[in-house]
Amino acid sequence: MMKGPKKWRLFALMTALLVFLSGCGREEISTLIPAGKVAQDQFNLLILSSIVMLFVIVVVTIIYVLAIVKFRRSKVGEDMIPEQVEGSARLEFIWTAIPIVLLLILAVPTVYSTFDLADVTAMDAQDEDGAAENLTVNVTGKLYWWEFEYPEQEIITAQELVVPTGERVYFNLIAADVKHSFWIPSIGGKLDVNPENVNTFYLEFDKESSELEEGVYFGKCAELCGPSHALMDFKVKTLNREDFDAWVAAMQEEQAAPTETVAQEGQEIFEQSCIACHATNAAGAAPGVGPNLTTFGDRNTIAGFMEHDEETLKNWIADPQQYKPGNLMPDPEEINNGEPFSDQELDALAAYLMGLKVEE
Amino acid sequence: MSSNSQKKGFGATIWDYLTTVDHKKIAILYLISGGFFFLVGGVEAMLIRIQLMKAGNDFLSAGTYNEVLTMHGTTMIFLAAMPILLAFMNAVSPLQIGARDVAFPFLNSLGFWLFFFGGVFLNLSWFLGGAPDAGWTNYASLALASEGHGIDFYSLGLTISGFGTLIAGINFLVTIINMRAPGMTYMRMPLFTWTTFVASALILLAFPPLTVGIFFMVFDRLFGANFFDVTMGGNTIIWEHFFWIFGHPEVYILVLPAFGIFSEIFAIFSRKRLFGYTALVFATILIGFYGFMVWAHHMFTVGLGPTANAVFALATMIIAVPTGIKIFNWLLTIWGGSISFTVPMIYAVAFIPSFVAGGVTGVMQAIAPLDYQLHDSYFIVAHFHYVIVGGVVLAILAGTHLYWPKMFGTMLSEKLGKWTFWFFFIGFHLTFFIQHFLGLMGMPRRVYTFGADQGWDLFNAISSVGALFMAIGVIILLVNVVMTVAKNERVGNDPWGDGRTLEWAIPSPPPFYNFAQTPLVRGLDPYWIEKMEGNKEGMVYAEPLGDIHMPNGSFIPFVISLGMFIASFGAMYFMDDKAWALPVLIGGLAITFGSMLVRSLKDDLGFHVTKEELIADNERIQREARALEGGKKGGLK
């Protein structure tokens with residue numbers, strides 16, 4: 001059993017490590033600050049392999065430095081003809097055997113972890129009432145946004161993944177168009193989002209994202225998918241189970257209509273121009289052509305990567321290609337009878353969209 | 001016919017190079033065109049680093065950035081690194097085995113011109129509606145979705161240049177198997193020839209999968225086939241397999257000849273026979289062999305399942321063993337030697353830590369679960385630049401200095417060479433070391449921009465500064481080349497003073513028939529053996545002086561390649577319903593097959609260099625050598 005001083009030492013060590021690591025990127029996105037079992041396992045493998053590799057580097061460096069210092073021609077003499085050594089079977093054996101041992105040290109956890117991280121057998125487990133024991137999220141990668149469907153809860157959202165902490169969350173991944181790759185660096189490694197087959201894996205989320213500076217973890221598309229690949233970001237909000245259940249319940253409800261006049265005008269425009277692609281109802285909605293906007297007002301970004309304010313939103317609606325080249329959202333002219341949206345219409349739309357919230 | 005001594009006009013020189021089948025001149029063609037594409041790829045690299053210099057930069061647009069990153073990778077791999085290595089293979093390995101030329105001189109020329117026209121075709125995309133933009137890996141779903149003709153330029157251009165590379169590979173295999181001088185057994189072959197041999201075998205086996213994949217891609221895009229179209233039952237993962245079954249051996253096609261160059265350098269400039277020659281040879285073969293068994297480690301995140309991932313993870317780790325054997329044998333070669341820090345040797349010495357760094361990160365990525373984090377992040381970008389730049393490009397720069405005298409008869413400036421080295425070497429580590437951490441900090445690769453809120457600003461700025469250093473190094477190298485050519489100070493047979501293999505026993509540059517008499521090889525490092533035994537001629541001969549049969553030059557390889565170049569335009573614009581496309585396609589193919597027919601029907605028996613001409617030529621060579629000795633008392637020493 002651990003005694004007081006030892007615990008204290010461990011704590012100090014962990015703190016020192018944390019301070020050191022905080023120099024290694026942001027908590028929201030760095031693989032060096034793991035915030036879940038999967039990322040932690042991978043981080044441990046990183047540390048283990050770094051130690052083994054550091055050993056190799058040290059050995060090579062020692063021989064290397066000694067060799068180039070001791071045997072310079074200026075030191076051994078201009079006319080010295082070195083002995084023409086053929087080789088040494090013993091040395092060959094040594095530098096074949098030692099690396100094999102080092103690789104075996106790495107191989108065991110590699111194989112174990114490969115199977116462990118791919119273990120999705122519990123995915124379809126049901127309790128006595130026939131309800132799923134684990135949360136499953138169906139992720140669809142589209143040019144250039146992410147759709148998150150919760151099949152058991154029958155809700156759909158986009159761009160911001162909301163998950164409970166402290167439990168295993170399973171993911172089904174598929175691409176609607178070209179190949180993407182789903183990556184939340186601080187939570188766990190990536191898995192490709194292929195157009196032809198569903199890929200499955202799990203992640204665990206240890207910490208509530210409200211404790212983070214930005215309030216969300218950053219998710220990325222990691223596979224080149226076109227001009228706006230770099231902008232195909234998503235965010236991850238982690239809530240404790242209670243808050244998560246509340247969020248799901250709120251999502252499942254019929255959303256209230258806006259009360260302000262500006263927002264009501266916005267809703268009218270929205271229902272003429274935008275609703276063909278964007279749903280504003282999370283419950284029972286079908287996968288959309290465009291992102292589901294039920295939680296738009298709760299989100300932290302516009303289009304996955306821009307400041308979440310009305311000004312940015314209006315610019316975005318007025319000219320989506322300027323901000324996210326190659327995305328499939330039509331220009332206003334195409335959906336507004338050939339006219340760009342007027343400033344007034346944009347104000348109304350922004351007011352309406354910013355009012356779409358399920359969280360208080 | 002002793003054409004070496006005659007001064008020719010500019011037009012005649014051009015014609016000579018267009019029609020040459022001489023491996024030494026083809027080497028120069030490869031070096032010049034590969035060098036040109038290296039500069040093009042370098043400019044593209046600089047554009048990338050300028051764009052990523054700061055968060056939210058708008059120097060390049062998103063679409064243009066994807067074109068630049070695609071062309072940077074494609075150009076550097078296919079049009080710069082491979083041709084420059086082929087330049088050294090051509091220039092050196094026939095000499096190292098005591099041959100008068102390669103086995104198929106005509107095919108050698110054809111291989112070059114196919115590569116050249118393929119490369120030109122690919123780069124013309126910049127001016128004809130946009131370059132390919134799906135990455136050098138050209139993953140199928142994105143490639144099929146790509147608009148314009150960029151991807152068609154990629155697939156047709158690489159098809160043509162791929163033919164050229166395949167031909168070159170077959171040629172070297174046959175040459176090394178059949179054309180070794182008496183006494184040059186396999187286990188006496190210099191290591192550069194060994195690595196040329198193994199790399200050629202890899203070319204033979206690795207390029208067909210790429211050709212098949214690209215063939216499918218061409219048919220999908222141009223003729224409406226559905227190999228990769230998911231909605232029609234196609235499968236894009238197949239492309240990834242084809243690509244990496246080629247792509248991983250391709251890494252060894254590049255890095256093995258680089259190992260070969262460094263092996264020569266370590267032995268020469270330590271004045272010591274390679275330590276563990278046998279182990280080095282078998283390690284080379286093993287690396288080539290394993291190279292075909294690990295392609296899926298590029299696909300750990302594709303979702304192949306834990307069994308495949310685990311098997312490929314272990315297979316990948318095994319490659320570290322023969323690579324380690326090589327590193328330690330090199331270290332033991334310089335151990336106990338007499339190290340002279342010439343420019344080639346500085347590169348070789350710098351290569352060891354750089355490549356070890358690239359190697360250990362390779363092992364880290366072999367750990368499949370860890371690779372889920374590293375894959376497609378900047379960690380991978382750092383890793384493969386450590387392998388390709390730290391291994392291959394350093395070897396190319398070292399080889400340029402080492403073999404320049406053998407190829408051109410002059411020496412590059414050592415002083416400027418050291419300046420290049422320091423700028424390039426410091427710049428290289430500055431650029432790429434920090435990218436490991438960018439990857440670990442969550443930065444995906446192939447992003448045209450990044451937000452200021454991601455915490456990647458500083459490291460990207462440092463990386464861009466490093467790229468500037470590398471560019472300065474390359475510019476100094478160019479100045480060096482120009483000054484060396486302008487000065488034109490001739491050097492003797494063995495300008496480094498410590499040459500060990502046959503190429504250093506003959507004049508620089510060698511006469512067009514290489515060896516007036518075929519040498520007799522009495523052991524590993526034949527020239528060193530003769531030197532140590534006091535043989536002033538540097539060689540013993542396997543035959544008396546007699547007439548030599550040599551091939552005639554030919555313009556046909558150029559025309560065959562030109563026909564394919566023309567036909568590609570027809571194929572590409574066929575889908576656009578251009579009326580001229582079909583005639584151009586047929587016309588181009590007619591040129592190609594017509595010239596093949598001419599080649600087949602017309603006997604070209606070559607010519608003989610008579611004994612008298614050889615004696616006269618030899619006297620001239622002796623005279624020039626004496627003048628050189630009198631002039632400045634030998635080369636380096």
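Which residues of chain A does UniProt mark with the feature "transmembrane region"? The record, an unreviewed entry, gives residues 42–69 and 90–112 of chain A. UniProt positions follow the numbering used here, feature names are shortened, and annotations may be inferred rather than shown by experiment.

This is a predicted model, in which local features need pLDDT of at least 70, side-chain atom pairs count only at pLDDT 80 or more, and totals for chains, interfaces and linings use all residues. Residues are numbered from 1 along each chain as its sequence is written, while chains are lettered from A and ligands numbered from 1 in the order in which they are written.

Figure 1. Residues 42–69 of chain A are 100% helix and 0% strand. Their end C-alpha atoms are 39 Å apart. Residues 90–112 of chain A are also 100% helix and 0% strand. Here the end C-alpha atoms are 34 Å apart. Helices (H or I, at least four residues) and strands (E, at least two) are DSSP runs, numbered from the N terminus.

**Figure 2. Chain A as a whole.** Chain A carries 10 helices and 12 strands. Its C-alpha atoms fill a box of roughly 95 × 55 × 45 Å along the principal axes. The radius of gyration is 27 Å, whereas a compact globule of 360 residues would have one near 21 Å. That radius is taken over C-alpha atoms, and the globule rule is 2.2 Å times the number of residues to the power 0.38. Of the 360 residues of chain A, 42% count as buried. A residue is buried if 20 or more other C-beta atoms lie within 10 Å of its own, exposed if 12 or fewer, and partly exposed in between; C-beta atoms are placed from the backbone.

**Figure 3. Confidence along chain A.** The mean pLDDT of chain A is 90, and 94% of the residues score at least 70. pLDDT is the predictor's confidence in each residue, from 0 to 100. Among the elements of chain A, helix α1 (residues 4–22) has the lowest mean, 58. Strand β6(A) has the highest, 97.

**Figure 4. The two domains of chain A.** Domain 1 covers 26–74 + 88–121 + 135–238, and domain 2 covers 261–354. These bounds come from an automatic or database domain assignment. The domain centres, taken over C-alpha atoms, are separated by 34 Å. In chain A, 24 residues of domain 1 are in contact with 19 residues of domain 2. Two residues are in contact if their C-beta atoms, placed from the backbone, lie within 7 Å. On the domain 1 side, β2 (145–150), β3 (155–158) and β10 (234–239) of chain A each supply at least two residues. β3(A) gives the most, with 4 residues. By class, this side of domain 1 has 11 nonpolar, 6 polar and 7 charged residues. Ala, Val, Leu, Ile, Met, Phe, Trp, Tyr, Cys and Pro count as nonpolar, Asp, Glu, Lys and Arg as charged, and the others, Gly among them, as polar.

**Figure 5. Where chain A meets chain B.** The contact takes 76 residues from chain A and 77 residues from chain B. Elements giving two or more residues to the chain A side include α2 (37–70), α4 (89–117) and β6 (180–184). The largest share, 15 residues, comes from α4(A). The chain A side has 43 nonpolar, 19 polar and 14 charged residues.

**Figure 6. Cis peptide bonds.** The bond from Leu143(A) to Tyr144(A) is cis, with omega near -20 degrees. Tyr144(A) sits in the loop between β1 (135–142) and β2 of chain A. In chain B, a cis bond joins Ser508(B) and Pro509(B), with omega about -10 degrees. Pro509(B) lies in the loop between α16 (457–487) and β1 (519–520) of chain B.

**Figure 7. Positive phi in chain B.** Asn138(B), a residue other than glycine, has phi near 55 degrees. Its loop runs between α4 (105–124) and α5 (140–145) of chain B. Asn138(B) counts as buried because 24 C-beta neighbours lie inside 10 Å. Asp376(B) also is not a glycine, and its phi is positive at about 55 degrees. Asp376(B) is found in the loop between α13 (368–374) and α14 (378–408) of chain B.
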